[in-house]
Amino acid sequence: MQKAILVGPCQENKNRKLSYSHDTLVIFIDGGLKHQKTQFKKATNWLSIGDQDSASFKPQIKLKKKKNESDLFHALRLLPKNISLVETYGLFPELKNEGRFDHRLFNLGELYRVSQNTGMMFLLNDHQILLPAGEHSLDIKGEFSLVSFKPTKIKITGKVKYPLKKPTLIDMLSSRTLSNKGAGQMVLQSNHPLLLMTILAPDRRI
């Protein structure tokens with residue numbers, strides 16, 4: 001599985017650890033460059049892009065400050081077509097550290113469209129994954145929610161408290177898939193990307 005990492009400017013959980021090889025593509029988005037010499041000092045295959053409105057660092061690809069799209073919008077277009085998994089760092093911090101909730105919503109929208117068009121999976125942080133359309137075998141122990149961004153047919157089977165044994169149309173942002181509970185292996189099918197959110201202890205990952 002080919003992987004890339006998108007790095008934004010936000011503060012991250014100090015216990016969070018990322019796995020990457022020296023040649024993993026890392027894209028620093030504007031103020032995300034501040035993490036280059038700490039979390040990503042071993043990365044050799046990296047580039048930076050931004051309009052420099054949240055950092056004093058000069059990015060390699062300089063964007064205009066007066067534009068109609070976010071820096072993330074432009075950064076996503078630098079991802080090679082062979083990438084199947086993208087991990088983000090400094091883009092989806094803990095809510096207590098969220099400075100601009102509107103940015104969070106728009107970031108989700110940008111990632112959703114890329115996932116819809118390419119089938120990429122986005123690991124946002126230690127407890128949120130944007131899953132592409134299709135079938136996914138997951139091992140989840142504990143509470144989780146599924147967020148749909150458009151009417152989506154969802155099927156959930158396996159060790160889960162509230163299964164959907166037949167493909168069921170779930171409306172946009174419906175609470176029908178709120179606070180489910182997994183007890184091990186489950187299979188999730190959907191015809192559009194879904195945001196999977198788990199409620200986990202700080203030292204556990206999906």
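Trainee: How many aromatic pairs does the count come to in this structure?

Mentor: This is a predicted model, and the count comes to five aromatic pairs. Take one of them. The ring centres of Tyr20 and Phe40 are 5.6 Å apart and the planes stand at 35°, so this pair is tilted.

Trainee: Where in the chain do Tyr20 and Phe40 lie?

Mentor: The pair links distant parts of the chain, 20 residues apart. Tyr20 is in the loop between β1 and β2, and Phe40 is in the loop between β2 and β3.

Trainee: Are Tyr20 and Phe40 buried or partly exposed?

Mentor: Buried means under 20% relative accessible area. Tyr20 has 23% relative accessibility and therefore counts as partly exposed. Phe40 has 0%, so Phe40 counts as buried.

Trainee: How are the rings of Phe28 and Phe40 placed?

Mentor: The centres of these two rings are 5.7 Å apart and the planes are at 80°, so the pair is edge-to-face. Phe28 lies in strand β2 and Phe40 in the loop between β2 and β3, so the pair ties together parts twelve residues apart in sequence. Both Phe28 and Phe40 are buried.

Trainee: Which residues do ring pairs link into a cluster?

Mentor: The cluster is made of Tyr20, Phe28, Phe40, Trp46 and Tyr89. A ring can also be read with a charge: the charged end of Arg77 sits over the ring of Phe73, 3.6 Å from the centre of that ring.

Trainee: What is there to look for in phi?

Mentor: Most residues other than glycine have a negative phi. Asp30 is not a glycine, yet its phi is positive, about 50°. Asp30 is found in the loop between β2 (25-29) and β3 (46-50). With a relative accessible area of 4%, Asp30 is buried.

Trainee: What phi does Ser179 have, and where is it?

Mentor: Ser179 is not a glycine either, and has a positive phi of about 55°. Ser179 lies in the loop between β10 (164-170) and β11 (180-190). Its relative accessible area is 32%, so Ser179 is partly exposed.

Trainee: Which strands are joined to β11 by bridges?

Mentor: Strand β8 (residues 134-148) is among them: eleven bridges join β8 to β11, and the two run antiparallel. Gly158 stands opposite Met186 in β11.

Trainee: What does the side chain of Thr24 reach?

Mentor: The side chain of Thr24 reaches the backbone nitrogen of Ser21 at 3.0 Å. Thr24 lies in the loop between β1 and β2, and at 8% relative accessibility Thr24 counts as buried. Leaving aside neighbours within four places in sequence, Thr24 is in contact with Lys3, Ala4, Ile5 and Asn45.

Trainee: Where does pLDDT stay under 50?

Mentor: Where pLDDT is low, the predicted coordinates should not be read in detail. Here pLDDT stays under 50 over residues 201-206. The model has 14 contacts beyond four places in sequence for that stretch. The protein chain averages a pLDDT of 90, and 93% of the residues score at least 70.

Trainee: In which strand is confidence highest?

Mentor: Confidence is highest in strand β9 (residues 152-160), at 98, and lowest in strand β4 (residues 61-62), at a mean of 92.

How values were computed. Residues numbered from 1 in each chain as written. Heavy atoms only, no water. pLDDT = per-residue confidence, 0-100. Helix = DSSP H or I, 4+ residues; strand = E, 2+ residues; numbered from the N terminus. Contact = heavy atoms within 4.5 Å. Buried < 20%, exposed > 50% of the residue type's maximum accessible area, 1.4 Å probe, protein only. Phe/Tyr/Trp six-rings, centres within 6.5 Å; stacked < 30°, edge-to-face > 60°. Lys NZ or Arg CZ within 6 Å of the ring centre and 35° of its normal. Pairing = 2+ DSSP bridges. Polar contact = N/O pair within 3.5 Å; in protein donor to acceptor, adjacent residues only side chain to side chain.
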